[in-house]
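Hi,

Here is the structure I said I would pass on. Have a look at it first, and then read my notes below.

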Amino acid sequence: MSALGYLLFGVAVLFMIFLHELGHYLAARRFGVRATHFFVGFGPVLWARERGGTVFGLRALPLGGYVRILGMNPLDPEEGPESFRRARPWQRAVILASGSATHFLLAFLLLFSLLAFIGRGPVDVVVGTRIAEVPSSTEGETPAQKAGFRAGDRIVAINGRPVSTWEEVRSFIRSHPGQEATFTVERGGTRLDLRARLGSQPEEGGVVGFLGVRARVEKLVYEKVGAPRALVDAAVGTVRLAVLAVAGVVRLFSPGGISALVGQALGAGGARPEEAVSIYGAARAAGEAFGAGFLGDFLGIIALVNVFVGVVNLFPLPPLDGGHLALLAVERIRGRPVDPRKVVPVAATVLAILLTVSLLLLYLDIARPVPTPFR
């Protein structure tokens with residue numbers, strides 16, 4: 001069921017955040033840098049215990065987590081030999097990068113599991129006669145909308161003739177442009193006859209009919225691969241996802257990308273990049289994939305989210321981990337630390353942009369959700 005998919009996706013995201021902070025913590029401990037706090041969640045403290053100079057605990061709101069490393073905040077005072085700023089530059093770089101590294105490792109493990117236990121693909125797609133969506137058109141109502149088709153309807157007959165595959169439905173629609181037809185559909189346990197006059201649209205070599213519905217994917221067929229090949233393909237797949245994520249982030253946060261999001265939010269149209277979804281949009285896609293039985297796609301979405309978060313965290317902008325790495329590089333080149341007071345305005349601007357884009361995406365995913373093939 002879809003609700004379980006949502007829940008599992010939420011657990012996966014929390015585990016992803018936990019691993020990110022654990023990466024920072026383990027690297028810091030490895031180099032003798034003290035982590036003062038390691039908490040899962042935010043808000044009121046439910047449980048806390050100090051061990052080895054670190055306070056571990058749980059907070060009431062399961063919305064993330066954090067690890068506080070001594071001296072990592074440039075505004076913190078210098079405090080003894082266990083401070084982050086006393087570590088060697090390469091050690092600080094490892095501590096900073098270790099959080100994002102966990103996202104790529106987790107994505108690799110998910111892709112390996114997908115390939116080794118579910119398979120490569122899909123190598124084939126089985127489409128039934130159930131309707132996934134009745135999309136709107138900028139040119140007015142489509143024949144399907146006029147006839148009263150709804151998402152979830154299953155076409156069982158056309159003009160009294162039973163149909164069992166989408167190819168039969170598609171073939172009839174395309175070969176009868178401009179003609180009226182009676183579609184028998186199952187909806188909520190009952191059968192209805194919907195009368196539709198098919199539209200027509202030009203195609204190379206002539207004119208074909210159209211109804212204006214999108215079929216639901218019933219089954220994806222995968223091809224299993226051996227473990228050695230799965231290891232290689234998972235590594236290559238992780239790199240490819242990272243490259244796509246970098247390109248997507250650049251498009252999304254470019255002036256044109258942000259302008260398109262604002263235009264859509266204001267109802268002014270504009271093209272929305274395919275990868276532009278909020279965490280809610282990703283959860284909806286993952287939940288629907290799991291609910292429809294597409295476990296491979298469910299794992300793939302979680303892997304993609306991990307790679308995306310890892311890539312964003314490595315962008316050389318404070319307060320992201322990549323921003324701290326960039327400041328460390330500047331410090332090495334200049335021979336002295338960067339004044340923290342000059343970094344604060346940049347960090348505030350970056351946070352404001354991230355928050356604005358996140359809220360725009362959340363609004364669009366609620367008001368104008370991107371259709372998925374799993375409904």
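What follows is a short tour, from the whole chain down to single residue pairs.

Two things before we start. This is a predicted model, so I kept to a pLDDT of at least 70 for local features and 80 or more for side-chain atom pairs, while totals for chains, interfaces and linings use all residues. Residues are numbered from 1 along each chain as its sequence is written, and side-chain values use heavy atoms, with hydrogens and water left out.

**The whole chain**

The chain has ten helices and ten strands. Both kinds of element are DSSP runs numbered from the N terminus: helices are H or I with at least four residues, strands are E with at least two. The C-alpha trace spans about 85 × 45 × 40 Å along its principal axes. Of the 375 residues, 41% count as buried; buried means under 20% relative accessible area, exposed means over 50%, and partly exposed lies in between (1.4 Å probe, protein chains only). The accessible surface comes to about 20,200 Å², and carbon and sulfur atoms hold 62% of that. Those areas come from the Shrake-Rupley method with a 1.4 Å probe, and for residues only the protein chains shown count as cover. If you take the contacts (heavy atoms within 4.5 Å) with a separation of 6 or more, 66% are between residues 24 or more positions apart.

**Helix H5**

H5 covers residues 227–252, and its 26 residues should span 38 Å at 1.5 Å a residue; the end C-alpha atoms are 36 Å apart, which agrees. (The expected span is 1.5 Å times one less than the number of residues.) Buried residues in H5 include Ala230, Gly237, Leu241, Ala245 and Leu252. What lies over them? The cover for the buried residues of H5 includes helix H2 (89–118), strand E3 (120–133), helix H6 (255–265), helix H8 (295–313) and H10.

**Strand E6 and its partners**

Strand E6 (residues 180–187) is largely enclosed by the rest of the structure, because six of its eight residues are buried. E6 pairs with E7 (residues 190–197) in the antiparallel sense over eight bridges, where pairing needs at least two DSSP bridges between the strands. Thr182 stands opposite Arg195 in E7. These two strands form a hairpin with two residues between them, and Gly188 in the turn has a positive phi of about 60 degrees. E6 is also joined to strand E4 (residues 154–158), antiparallel again, by four bridges. There, Ala157 stands opposite Thr184 in E6.

**Salt bridges**

The whole structure has 13 salt bridges, counted when a side-chain nitrogen of Lys or Arg is within 4 Å of a carboxyl oxygen of Asp or Glu. Here are three of them.

- Glu331 and Arg92 form a salt bridge, with the closest N and O atoms 3.4 Å apart. This pair links distant parts of the chain, Glu331 in helix H9 (residues 321–334) and Arg92 in helix H2, 239 residues apart. Both Glu331 and Arg92 are buried.
- Glu133 and Arg214 meet at 2.4 Å, N to O. They sit 81 residues apart, Glu133 in strand E3 and Arg214 in strand E10 (residues 214–223). Glu133 is buried, at 18% relative accessible area, whereas Arg214 is partly exposed at 41%.
- Arg154 and Glu186 come to 2.8 Å between their closest N and O atoms. Arg154 is partly exposed, at 28%, and so is Glu186, at 25%.

There is also a network: salt bridges that share partners join Arg120, Arg229 and Asp233.

Which residues make the nonpolar surface patch? Tyr6, Ile279, Tyr280, Leu355, Leu359, Leu362 and Ile366 do, over about 650 Å². Patch residues have over 30% relative accessible area and no salt bridge; nonpolar side chains (Val, Leu, Ile, Met, Phe, Trp, Tyr) are joined within 5 Å, and like charges within 9 Å. Helices H7 (279–291) and H10 (340–367) each supply at least two residues, and H10 gives the most, with four. Tyr6 is in helix H1 (residues 2–30) and counts as partly exposed, at 31% relative accessibility.

Cheers
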